[in-house]
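Dear colleague,

I am passing on the structure we talked about, with the sequence alongside. Please have it open while you read the notes below.

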Amino acid sequence: MAACGLAELPEIVLVYILRWCKARDLVALSSTCQLFYQLTAYDLLWKDLCWKDFSIAQPDLGPIVSYRKLYTNLLHKYGCILGVYQSQVVPCGGLVEIRYKAGSIEGVQWESSLEQNVFNPLKESIIFTIIGNEEPPKCVCIPNIYPHNCTLEIDKRKGIVTQHCSSSEKHITEIRDQSGFDSVDFHLEPRHIYLTFLNEVIGNGLVYKPLILPTPYDIPDDLKAKDGSFPSQIITPGLFQGSYGSHGLEIILFRFKDEYEIHGHKVTGDVNVHANKISVKILLKYPVSPSREDQRSLSVLMSMEPTMSNTPVSAITEQHFILPDDCHHNTITPIPTVCKARFHGFGQIAFIWFQRPSFTPVQVIVFNNDLLGVIWLELNSFSLYSRIKKTFTTNILQVDESAV
């Protein structure tokens, strides 16, 4: 039987084979002959690559005429930066998502609302937009400032993206106008603090470090039941927004340190406890069940010595919750009267500029998988944390460490 050359196979078979190829293979094959030049231009191949390489399924192409153009003009250069990041604006931080949308890649900053309601959705501000690689990315940096050119420096090994702006010299004027520094009634509010420190870093480049979000699969196996389920007395890891008194709402990433502790890391911070720092530690081996009467007094709660328990977390029974009479809280969110579990823990406090940091005793209340309460015993205050129920773009670059 005579040997059959690759080019002699039916086109439908060749297209099936080409669907297993990587982008660089298609580009190489396209230069071999007229047949493969035509076949590698088949748009279904490039649509498959958009999904396989960048998890973009059924994309809206926007002004881009084909999936091949989308891949070669945009995703080939910038698709690797898709994902969730923490902006390095010390001490404030920031939650940034780089996403695909209608033929472009957008950098979006997600912020908590000014109201003390942890159930309010996050607000989004576009901070840069990339449309193909023919033009420089358009950068905003500060919401409401006019768009201007910027460049993105990508460190693929560390997954770090640095945004360099072409008009950084004009930012200080815009910051002054937006922050109200010239006002007689000026107060140092969280928004003013953020703009101040943004101005400090933007001239040298605004750095975004990858923020790898945990999933329910990251719960230690020792805490799961035989069927793989997890007890309702703990929370699945993820992003929450919590109330921090005069500092307003802040974004916290809760994840398991091990089967004994859950740590809440600050994605956004304040001048006392900065972004990247641990805010709350939940000690799962130290449950507490105060009576209704005991819950009314902070001094009584403070006198309760943490005692280790060997009882499985899943055996903790539901209990009533009463906020102590002498406990301050700023949240306008209704507080539940029943909780799944209650644990001893520690919360981090510090003087301004993270001076003399220390961990102070707290009690952490698990109302349900999406809502936590923290009583700061020595501060006479209460914080409420609500899960951020939003699906973010999955990080494309695989890095060893997350920002927090």
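Lys156 sits in the loop that runs between β6 (148-155) and β7 (160-165). Please keep in mind throughout that this is a predicted model. Leaving aside residues up to four places away in sequence, Lys156 touches Cys80 and Leu397.

**The protein as a whole**

The protein has 404 residues, of which 51% count as buried, and its secondary structure comprises 9 helices and 18 strands. Taken along the principal axes, the C-alpha atoms fill a box of roughly 90 × 65 × 30 Å. Among contacts between residues at least 6 apart in sequence, 57% join residues that are at least 24 apart. The exposed surface comes to about 20,100 Å², and carbon and sulfur atoms supply 53% of it. As for charge, the mean position of the 35 positive charges and that of the 42 negative charges are 3 Å apart.

**Helix α5 and what covers it**

In helix α5 (residues 67-78), the buried residues are Tyr67, Leu70, Tyr71, Asn73, Leu74, Leu75 and Tyr78. An α-helix has 3.6 residues a turn, so residues three or four places apart point the same way. The cover over the buried residues of α5 includes the helices α2 (23-30) and α4 (43-54), together with the strands β2 (95-101), β3 (104-111), β4 (123-130) and β6.

**A nonpolar patch on the surface**

Leu6, Ile12, Val13, Tyr16, Ile17 and Trp20 make a nonpolar surface patch of about 680 Å². One of these residues, Ile12, lies in helix α1 (residues 11-18), and Ile12 counts as exposed because its relative accessibility is 70%, where the cut-off is over 50%.

**Salt bridges**

Side chains of opposite charge can pair when their charged atoms come close. The structure holds 11 salt bridges, and the following are among them.

- Asp270 and Lys266 meet through their side chains in a salt bridge, at 2.9 Å from N to O. Asp270 is buried, with a relative accessible area of 7%, and Lys266 likewise counts as buried, at 2% relative accessibility.
- Asp370 forms a salt bridge with Lys389, in which the closest N and O atoms are 3.2 Å apart. Asp370 belongs to the loop between β16 (355-368) and β17 (371-376), whereas Lys389 belongs to the segment after β18 (381-387), so this pair ties together parts that are 19 residues apart in sequence. Asp370 counts as partly exposed, at 22% relative accessibility, while Lys389 counts as exposed, at 67%.
- Asp258 forms a salt bridge with Lys257, the closest N and O atoms being 3.3 Å apart; Lys257 is exposed, with a relative accessible area of 51%.
- Arg99, Glu106 and Glu124 are linked with one another in a network of salt bridges.

When you go through the model, you might begin with Lys156 and its contacts to Cys80 and Leu397, then turn to the buried residues of α5, including Tyr67 and Tyr78, and end with the salt bridge between Asp270 and Lys266.

How values were computed:
Residues are numbered from 1 along each chain as its sequence is written. This is a predicted model: local features need pLDDT of at least 70, side-chain atom pairs count only at pLDDT 80 or more; totals for chains, interfaces and linings use all residues. Side-chain values use heavy atoms; hydrogens and water are left out. Patches are made of residues with over 30% relative accessible area and no salt bridge: like charges are joined within 9 Å, nonpolar side chains (Val, Leu, Ile, Met, Phe, Trp, Tyr) within 5 Å. Accessible areas come from the Shrake-Rupley method with a 1.4 Å probe; for residues, only the protein chains shown count as cover. A salt bridge is a side-chain nitrogen of Lys or Arg within 4 Å of a carboxyl oxygen of Asp or Glu. Helices (H or I, at least four residues) and strands (E, at least two) are DSSP runs, numbered from the N terminus. Buried means under 20% relative accessible area, exposed over 50%, partly exposed in between (1.4 Å probe, protein chains only). Contact means heavy atoms within 4.5 Å. Lys and Arg count as positive and Asp and Glu as negative; His and the chain ends are not counted. The place of a charge is taken as NZ of Lys, CZ of Arg, CG of Asp or CD of Glu.
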